[in-house]
Amino acid sequence: MPSAETATSTDTGTGTTGVRWQRGELILAIGVFVALMAALLPLLKVVDPSAWVAGAVFVPLAVLAAGCAARWYRLPAVAVSLIEAGVWVVLITLVFLRDTALVGIIPTLASIQEVPALVRQAVDEIIVGAAPLTASPALAFLIVGSMGLLAIVIDHVVITARMPLVAAVGLVAVSLIPSIAVPSAFDVVGFALLAAAVLFLLRTETRTRNQPPARPRAGGFSTPASTSATALGIGAIAVIVAIVATPLLPTPASRAGDVGIGTASINPNLTLGDDLRKPKDVQVLTFTSTMPNVPYLRAVTLSSFNGKVWLPDRTDSTPVGRGAGFGDVQVDSDIKVEEYQTKVTIQNLVTQYLPIPFPAVAIDGLTGQWAVMPQNRTVIGSTTTVQGLSYEVITDLPEPTLEQIRAASARLGSDNPYDHSLPPNTPAIIGGLARQLTDGAGSDYDALIDLQNWFRGSDFTYSLTAPVRDGYDTSGVASVTAFLKQKEGYCIHFASAFAMMARELGMASRIVVGYLPGTDTTASFQGDSVYSVSSAQLHAWPEVYFQGIGWIPFEPTKSLGNATNFASGVTGSADSQDGTDATTSPDQASPSPTTSVDANGRQFGDDQNLTSANPASQSVPWALGALGVLIVLAIPSVVGFIRRRRQDAAARDGDPEAAWVSVQETAIDLGIPVPASESARAFGRRLVREHGVPPDPMGVLIGAIEQSAYAQDGQRWYWQDAELAASSVAVRVAMLRSAPAGRRWLGLLFPRSLVVRPGSVYAGSAERVGARR
């Protein structure tokens, strides 16, 4: 005699059960669609909304609709998934690959060959770009296609396999990806929407499985289903953990930019603060150079500024070894240009951006796929595997005299080919200060030196803690405004403020991310000193474009790097930021101390770490983190306990299905198979025979569930109310006692039934344990 679940799932007639099942599948599909859309919401913060949003909504909707239609005709599960996949292929081909498809919808070999290139291009844009990304056709293809595939997978897991909690885990993981890629404050509203969608999915799936008895209680109110209480319990605990426990977890000890153990990366989004405050420091690379002074090594330039973040440059690129490459350095004929060689060896760096001196004109020794962006003379790759690379860079460095750079103009007006725009809402304090500080400057260069001297002067303090403490730890307009008032910050604040003030003066400026001059190792190679660069020397600095000379770097960060100055072609002396003679510029500068002292007397470099001197203050976050971990680990057992209590309460109210499901779930928790094809009577006899279950309570449960399954609707009897609950408890206790101690505790602490539901194909494949022959 089949079980209640089997009877419900195999009824294909025109009765009430079949109608309810078909209607339930439709509601389930709606629940899946709502959950998919909730998981999609965080992506709107990472990619600018455009036509891809419509595609990401329509394709999953069409896939789920096709699945509903297939199930309406009771097609096998495999056929349902194939039909959904066919709809997905047709739509993706029609939208993105129709030029190479037959009649625009049937993919050909050429269409298939386009897919890897589109995916590769989209991945490159994601890695290279900064949020919010512009949705190119390749990126739209990746998003829309992924949403369609996700709809097929979630549809199968929820409706076919009957495992909504597994689907919930997948949806949560998908929704977290944008937050991981673009760190931001916890989105309570987005989390609440996703939680509501997941709980709706759980509730909908359960209601299509079992129809609770409609027995009224005293006062005319119906008994709430145990699944509703369980869903509310899951939601409440999840919200508490996400909002309360998660912020208490300590920050990992590794650098924010680290990838793996002992490696570092370069973050082009100017979120360097997290990197600088971490204690870990590894050697990134070593190099030798024929330059008379140790060069900065640049990786990426950022020219576009939207008011919140500086965005990495995206210009045309040429594969290394093909085409014109870097091209020649364009300067006026009277500007002296010297050629230098720099040899770099990468040790511990995972990035697409290759550290090189400026301005490079040639590079040799690279392996893999690398491309040159001539406009900013940087090198970018399609792979992040750069460890062990050794390459040689040739630079043609313009060396103007002090008189020449003073004669050059940095305010080119509308003829300036480079970006010198600012958002319209830029606070007046930035432009006002720029004009006030440069009033009376004899040249554009002198005006910029005035700004550099001001930032490096006594008014400012280098600090990694003040921006975090006072809430301006970014490079946006609001943070720069706060920095200019408080006069405490680190390299991104100095560089951003300088670049914005230069633009207020009508000059083209940009920010460079790379590394400070390395440290002399006292070793030498072919007569040149070997310098070591560590992850702690990651740095940001501004550049300004001068007509006839090119981009000139400046160093406004207090106490770090080398201040820009040029030697006179007449006297040999140079302008100076502190009143003394100097003869160097940043890319030609000799090493200078890169340490600073904070208010507590601790020394650090631009990317040196600050750690708490109080051990007790360090232990508190870890204790809170451990408490949060314990809370998370306790969630499955708490949810299982709440569900058992609700099931027992429903059984006392005369619900035989609640009593029966509680027995099935306990069996699943203990690793006892619960195949959907096995009747209630056969399942009960197996528990009695193999797992020490007393026959009398088992007989009560079998009789009740068989009567519930086959009695006419509305004819269920409730005379077994108390006996139902007692029998269910007796059977569960007997199964627990017969199971091995390890399996028993594992089932209580981490119940498998939270994921593997009775009636699913996975419930019937559990390992038999604790059997008694």
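A residue is called buried when its relative accessible area is under 20%, exposed when that area is over 50%, and partly exposed in between (1.4 Å probe, protein chains only). This is a predicted model, in which local features need pLDDT of at least 70, side-chain atom pairs count only at pLDDT 80 or more, and totals for chains, interfaces and linings use all residues. Residues are numbered from 1 along each chain as its sequence is written, and side-chain values use heavy atoms, with hydrogens and water left out.

**View 1. Strand S2 and its two partners, S12 and S3.** Helices (H or I, at least four residues) and strands (E, at least two) are DSSP runs, numbered from the N terminus. Strand S2 covers residues 297-305, and eight of its nine residues are buried, so the strand is largely enclosed by the rest of the structure. Two strands pair if DSSP finds at least two bridges between them. Strands of a sheet pair through backbone hydrogen bonds, either parallel or antiparallel. S2 runs antiparallel to strand S12 (residues 509-515), with five bridges between them; here Arg298 stands opposite Gly514. S2 is also joined to strand S3 (residues 310-312) by three bridges, again antiparallel, and Leu302 has Pro312 as its bridge partner. Four residues lie between the strands in the hairpin of S2 and S3, where Gly307 takes a positive phi near 100°.

**View 2. An open sheet of three strands, S4-S7-S8.** The pairing in this sheet is antiparallel. Strands S4 (318-319) and S8 (378-381) are the edge strands, as each pairs on one side only. Two bridges connect S4 with strand S7 (residues 370-373), and Pro319 stands opposite Ala371 in S7.

**View 3. Val693 in the loop between helices H19 and H20.** Helix H19 spans 680-690 and helix H20 spans 695-710. Val693 is buried, with a relative accessible area of 3%. Contacts of Val693 (heavy atoms within 4.5 Å) include Val731, Ala734 and Met735. The C-alpha atoms of Val693 and Val733 are separated by 8.5 Å, although the two residues are 40 residues apart along the chain.

**View 4. Trp745 in helix H22.** Trp745 counts as exposed, at 53% relative accessibility.

How values were computed. Lists of a residue's contacts leave out its neighbours within four places in sequence.
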